[in-house]
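Please keep the structure open while reading.

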Amino acid sequence: MKKRMFLVIGLIFIIALLSGCTEINKPITSESEGFWNEYIVYPLSLFIIKVAEFAGGSFGFSIIIVTIIIRLFLLPLMIKQTKSSKAMQAIQPEMQKLREKYSSKDQKTQQKLQQETMALFQQHGVNPLAGCFPLLIQMPILIGFYHAITRTREIADHNFLWFDLGAPDPIYLLPLIAGATTFIQQKMMMAGTANQNPQMAMMLWLMPIMIIIFAINFPAALSLYWVVGNIFMIVQTYFIKGPEIKNAKAAGNAGGAKK
């Protein structure tokens, strides 16, 4: 989990780094050269424009529709991530026993703990990195969205609801919604596991805070993409993990009642 946390932080840093380079000041057109421009940025820009033609000329509605299409495309990976999370949750008691058995901090004991942990993963068919695959795929899409929006003037200058798509939200409402939906989505994914793993509990709060900070400075269209994607994930997670979420909530209420 610690490795996953560092991976998330590293990927978000890469977004911030790449968002300030790669010909950011040059408009994206069919003549733009380079793998990044030809196969990611321009297709996304063109896709948003074409969908907008069927959405009454609204690029805001177009981004919502495109986001849903992308999420449907990623759905198999997201389901795999959820199943991996459930499998990881199921072996938490056994992992806790291993941590207690190899509680010594010396190098030899820790190596033995890692070996036993990997054997446990193999025994139950758990891939601890499976939860990172959807994130790895989403990052290029998110960076591509940034460039497609900022380098396509007709999209960047378009007004939707109370904000311009190419500028940060002036009242910071969308970043707050992005952070809140990220928290809810992660809370549902971690139902029943956060109390067992302090690192996951920390991630539950760290990720939404980071999303808010970046969303405040990035174009509102990215926040819109993130919010719609989160809502999609919340609905998906509810249907996949509904019983577990209800059980975790019931257990929490029972614990509160005992107190």
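In the largest nonpolar core, of 41 residues, I63, I70, F145 and L165 touch the most other members. A nonpolar core is a set of buried Ala, Val, Leu, Ile, Met, Phe, Trp, Tyr and Cys residues joined through side-chain atoms within 4.5 Å. Helix α10 gives this core its largest share, nine residues. Helices that each supply at least two residues include those tabulated here.

| Helix | Residues |
|---|---|
| α2 | 35-53 |
| α3 | 59-90 |
| α6 | 133-150 |
| α10 | 220-258 |

The model is predicted: local features need pLDDT of at least 70, side-chain atom pairs count only at pLDDT 80 or more, and totals for chains, interfaces and linings use all residues. Residues are numbered from 1 along each chain as its sequence is written, and side-chain values use heavy atoms, without hydrogens and water.

I70 touches L44, I141, F145 and Y225, leaving aside residues up to four places away in sequence. Contact means heavy atoms within 4.5 Å. Another core lies apart, with nine residues, including M95, L98, Y102 and F121.

Now the helix pair. Helix α4 (residues 92-101) packs against α5 at an angle of about 165°, with the axes 10 Å apart. That makes α4 roughly antiparallel to α5 (angles over 145 degrees). The contact involves E94, M95, L98 and R99 of α4, and L113, E116, T117, L120, F121 and H124 of α5. These residues divide into five nonpolar, two polar and three charged.

T117 lies in α5 (residues 107-124). Its relative accessible area is 15%, so T117 is buried (under 20%). T117 touches M95 and L98, not counting residues up to four places away in sequence.

Terms used. Helix = DSSP H or I, 4+ residues; strand = E, 2+ residues; numbered from the N terminus. Buried < 20%, exposed > 50% of the residue type's maximum accessible area, 1.4 Å probe, protein only. Axes fitted to C-alpha atoms, helices over the stretch in contact; angles between N-to-C directions. Parallel < 35°, antiparallel > 145°, perpendicular 65-115°, else oblique. Nonpolar A, V, L, I, M, F, W, Y, C, P; charged D, E, K, R; others polar.
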